[in-house]
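Subject: Handing over a structure

Dear colleague,

I am passing on the structure that I have been working through, and I would be glad if you kept it open while you read the notes below.

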Amino acid sequence: MEAFSRRHFQTLTVMVQAWPFTCLPLGSLMKMLHLETLKALLEGLHMLLTQKVRPRRWKLQVLDLRDVDENFWAIWPGAWALSCFPEAMSKKETAEDCPRMEEHQPLKVFIDVCLKEIPQDECLRYLFQWVYQRRGLVHLCCSKLVNYLTPIKYLKKSLKIIHLNSIQELEIRNMSWPQLIRKLRCFLKEMKNLRKLVFSRCHHYTSDNELEGRLVAKFSSVFLRLEHLQLLKIKVITFFSGHLEQLIRCLQNPLENLELTCGYLLEEDVKCLSQYPSLSYLKHLNLSYVLLFRISLEPLGALLEKIAASLETLILEGCQIHYSQLSAILPGLSRCSQLTTFYFGRNCMSMDALKDLLRHTSGLSKLSLETYPAPEESLNSLVRVNWEIFTPLRAELICTLREVRQPKRIFIGPTPCPSCGSSPSEELELHLCC
């Protein structure tokens, strides 16, 4: 720790070579990568890796540069290092008898990568170059990869260096769908341990529906390989409108979390959500700001009934659901006994419809956070809340709810609340926003 804080680079180089355990977790010490520190560490590893006969005491298998364990350096590291690797624990008694690591066993370097700007962070660039020059001797493992504004050619270069099977979380932002599908599909298919996949603000620039269908089919084929996927999030879902079934039917593993947000879906898209077993055990469903105001919601109601035993979070905020559509989802909603969070704000509801909705939540005893829109009777010609009208109506809705159950955190009307400034994300034991 002193060598790091005082940046004694030569000492660090020697200490890496002498490390007697299987794992060296430096991420919590480094916090942010420092180039000279990184060079000193990698220089020590280079000396070990290039030796034809490795030292008898060298057991290092993993260099962990992720900030995941701040407590490691406060305790004796031997017990932790052994407990990280069950196979190492099983060999504890005979460790002294092991002459060396197997010659061809690669050193694993773990790091979480966030590509934000060009040129890339100089430490990442240096690390990537170092690993590339020693391919076969070193595996760069990245459990979480986030790409923000980096051009696709730099993302592709990174993916060629990273051991693709190690990626468990992938988030790609601000990229066009056609480009993403054409350039990255071959990499996605090899991420067989992927558990979380997020596409945010990925836009498309084609009006050719037939071309879109072919691209979606190519993209969907990726999911035939992703047997461990648990979370799929696509923000700006418009590209899949009319083609969502192609994607859903290719999902191999039951999803726990599905987020399709911003844009619009056709009735056939919503209908397919309740037809495939991969969505039968959802815990979190987010359709926020997906326009649903002109379609039948009976398929959504069928999906809610199907996942009623597992669903914990339901977000239908800003979907422009009209009160005439509400009856289609109420039976399914009322059966969601595990529901803890329900966002339903920014929809068009009359006072009677909201009362009916609140009464249908009587059996949702675990509900701890809920949001609802202001009744349309309290809105003026500019669709803004008239507070003189809204305040007594809100009190009446709270009274209606208390007749069937006791709310914990509930927001009715605009959020954050203009009168008190509170928002649903705040940790409040009881909030009625009155």
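Which residues of helix α15 (residues 351-359) are buried? Please bear in mind throughout that the model is a predicted one. In α15 the buried residues are Met 351, Ala 353, Leu 354, Lys 355, Leu 357 and Leu 358, and what they pack against is α14 (330-334), β15 (341-343), β16 and α16.

Together with β17, strand β16 and helix α16 (residues 387-402) build a β-α-β unit that is right-handed. The strands β16 (residues 369-372) and β17 pair in the parallel sense, with four bridges between them, and Leu 369 has Arg 409 of β17 as its bridge partner. Along β17 (residues 409-412), Arg 409 and Phe 411 point one way while Ile 410 and Ile 412 point the other way, and all of these residues, the arginine included, are buried.

On the surface, there is a nonpolar patch formed by Tyr 264, Leu 266, Leu 291 and Phe 293, whose accessible area together comes to about 310 Å². One of its members, Tyr 264, belongs to strand β11 (residues 263-264), and Tyr 264 counts as partly exposed because its relative accessible area is 38%, which falls between the 20% and 50% cut-offs.

I also looked at Asn 165, which sits in the loop that runs between α8 (152-161) and β7 (169-173). With a relative accessible area of 34%, Asn 165 is likewise partly exposed. Leaving aside residues up to four places away in sequence, Asn 165 touches Glu 190, Lys 192 and Asn 193; for Glu 190, which is 25 residues apart from Asn 165 along the chain, the separation of the C-alpha atoms is 6.6 Å.

As for the protein as a whole, there are 16 helices and 17 strands, and of its 434 residues 51% are buried.

Note on methods. Residues are numbered from 1 along each chain as its sequence is written. This is a predicted model: local features need pLDDT of at least 70, side-chain atom pairs count only at pLDDT 80 or more; totals for chains, interfaces and linings use all residues. Side-chain values use heavy atoms; hydrogens and water are left out. Helices (H or I, at least four residues) and strands (E, at least two) are DSSP runs, numbered from the N terminus. Buried means under 20% relative accessible area, exposed over 50%, partly exposed in between (1.4 Å probe, protein chains only). Contact means heavy atoms within 4.5 Å. Two strands pair if DSSP finds at least two bridges between them. A crossover is right-handed if, with the strands pointing away from the viewer, the path from the first strand over the helix to the second runs clockwise. Patches are made of residues with over 30% relative accessible area and no salt bridge: like charges are joined within 9 Å, nonpolar side chains (Val, Leu, Ile, Met, Phe, Trp, Tyr) within 5 Å. Accessible areas come from the Shrake-Rupley method with a 1.4 Å probe; for residues, only the protein chains shown count as cover. A salt bridge is a side-chain nitrogen of Lys or Arg within 4 Å of a carboxyl oxygen of Asp or Glu.
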